[in-house]
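Colleague: I would like to learn how to read a model like this one. Can we go through it feature by feature?

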There are 2 protein chains.
Amino acid sequence: MPESTLYPHVSVDCVIFGFTGEKLNILLISRSGINEEECYNDMKLPGSVIYENEDLDDAAYRVLHELTGIKNIYLQQFHSFGSPERTKNPQDIVWLENAIHMKIGRIVTIGYVALIKIGQKLQNFSDKYEAHWCDINNIGQLAFDHNIIVEKALDYVRLKLEDDPIGLYELLPKRFTEAELRNLHEIIFGTKVDIRNFHKKFLSLHYVVPLDEKQENVAHRAARYYRFDKIIYNQIHR
Amino acid sequence: MPESTLYPHVSVDCVIFGFTGEKLNILLISRSGINEEECYNDMKLPGSVIYENEDLDDAAYRVLHELTGIKNIYLQQFHSFGSPERTKNPQDIVWLENAIHMKIGRIVTIGYVALIKIGQKLQNFSDKYEAHWCDINNIGQLAFDHNIIVEKALDYVRLKLEDDPIGLYELLPKRFTEAELRNLHEIIFGTKVDIRNFHKKFLSLHYVVPLDEKQENVAHRAARYYRFDKIIYNQIHR
DNA sequence: ACAAAAGTGTTCTTGATACACCCATGG
DNA sequence: CCATGGGTGTATCAAGAACACTTTTGT
């Protein structure tokens, strides 16, 4: 893995999506510092300046791996942000120069989207970096232009998952119910779907295979669990 | 418009598509130089290192405007390329350092796609920069990683135009025949479409309005001309 | 028994596909 | 009169949309 000197002109930022079963979340990093004798405490996207001899995808992967410990991540570049205005806030500059111990001017950042399963293994890693899952509908003012990046990332995943739904199963746990998938659909595409029509389509997805397990201790009829079969999926999608 | 010092760490490259009525072309720039006492002559994408205080979109727009003289261009960022390998060819380095009169190390480039109408006005501008329309199926070895960029650009436009066909009308002349649109479809999506089914759909596109003009001096029944109505189009597409 | 979500079919509408002949024009 | 591409309709099929009741389980 590339470890050399930093290349402080280009960075990567990762918008990491996770699904709780109820809400769509993204992973944000707490940041605190002092600006003009005022303490502040806000959030930013996980990201990093790239190394001198490091490819962009590798840099995004490095950020993700360090933060979550996960390998084999669904990770896609989606847009680059290079407005000279994006580093105009002096607070951001001070913070960043502290973080990388370099004088920086302008930085162009390459945005990446990652889709992961929210799990418990992850939490340990996250705590070290003060990472928190935040509801996508309830995100405050972020550092730099990160609010814009998040918006664009959302647009991207919606469009992307529309013609390749594989990402939905990156967000769901290994075993999931039909209702969880339906709920995820509704949240991502912002639509109400008809239960019976959804069921019919669901049954026709041969890459979603039923398990012999059902929910337990739920105050209603227990739902069956299913799993996603990547091999069958790849056979179908050319 | 931003004119300051160059920022030789980030560039933009434009993949400019044009349609002759028969073939899909891209606009390439002739490049020549000497490398190890050998003359060479090859092609590259139009592009430029960005300026210190210039936004990415503005830089791409600047490249396009200087080259073609066109304003109001269909222009979209599609992907960024930052492999450390992309500037490994010493010939490319020498050429670029000559061109911008700066020492350069690594450069991350932001890829843009433009769709334009091949016209006569354009040619004057192009000649100055030694620009040439090249059939997309017949492109040799390009400078840097430009072959990879072109491939990715093609993937992008195909996907993009599939769910927003407005770009098709950026490629066609102001007045066009049904056959020209059909032909363009087939070339971009790589499919044969049924003439009668296409006709039925064509008639249902209210934003394609028939003109009272027909082809002249063709050795067969003259086809009607149509034009694209952007206003009607925008009314329909939310 | 009741609350809460699971599970399940039919009809209708719409869009996509398959398919073949006559027409207008220039040479 | 012939070669070339323009212009047109019908029947079938597949996918999506609308719509309501019974089953299971815990409290």
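Colleague: Which polar backbone atom is 3.3 Å from a phosphate oxygen of DNA strand C?

Modeller: Remember that this is a predicted model. To read such a contact, look for a pair of N or O atoms within 3.5 Å. Here the backbone atom belongs to A:R224.

Colleague: Which side chain has an N or O atom 2.9 Å from a phosphate oxygen of DNA strand C?

Modeller: That side chain is the one of A:H199.

Colleague: What does the side chain of B:N197 lie 3.0 Å from?

Modeller: A polar atom of that side chain lies 3.0 Å from a base nitrogen of DNA strand C. Now look at the elements.

Colleague: How many residues surround DNA strand C?

Modeller: There are 18, and the closest include A:R196, B:K200 and B:V218. Turn to the strand's own atoms next. Of those that come within 4 Å of the protein, sugar and phosphate account for 39%. Then sort the residues by class.

Colleague: Let us turn to the backbone. What is the phi of A:H101?

Modeller: Start with the general idea. Most residues other than glycine have a negative phi. A:H101 has a positive phi, near 55°, and is not a glycine. Find A:H101 in the loop between α2 (90-100) and β6 (108-115) of chain A.

Colleague: Is A:H101 buried or exposed?

Modeller: The cut-off for exposed is over 50% relative accessible area. A:H101 has 71%, so this residue is exposed.

Colleague: Where is A:F144 found?

Modeller: Look in the loop between β7 (131-135) and α4 (146-163) of chain A. A:F144 also has a positive phi, about 50°, without being a glycine. Its relative accessible area is 16%, so A:F144 is buried.

Colleague: Now the domains. How is chain A divided?

Modeller: Domain 1 covers 6-167 and domain 2 covers 175-236. Their C-alpha centres lie 30 Å apart. The contact takes 11 residues from domain 1 and 10 residues from domain 2 of chain A.

Colleague: What area is buried between domain 1 and domain 2 of chain A?

Modeller: About 910 Å², with 72% of it from carbon and sulfur atoms. On the domain 1 side, pick out A:F19, A:R158 and A:I166. These three supply 49% of the area that domain 1 buries against domain 2, more than any other three residues.

Note on methods:
Residues are numbered from 1 along each chain as its sequence is written. Chains are lettered from A and ligands numbered from 1 in the order in which they are written. This is a predicted model: local features need pLDDT of at least 70, side-chain atom pairs count only at pLDDT 80 or more; totals for chains, interfaces and linings use all residues. Side-chain values use heavy atoms; hydrogens and water are left out. A residue is near a molecule or strand if one of its heavy atoms lies within 4 Å of it. A polar contact is a pair of N or O atoms within 3.5 Å; within protein, one must be able to donate a hydrogen and the other to accept it, and residues adjacent in sequence count only if both atoms are side-chain atoms. Helices (H or I, at least four residues) and strands (E, at least two) are DSSP runs, numbered from the N terminus. Buried means under 20% relative accessible area, exposed over 50%, partly exposed in between (1.4 Å probe, protein chains only). Domain bounds come from an automatic or database domain assignment. Contact means heavy atoms within 4.5 Å. Buried area is the accessible area (1.4 Å probe) that two parts lose on being put together, summed over both.
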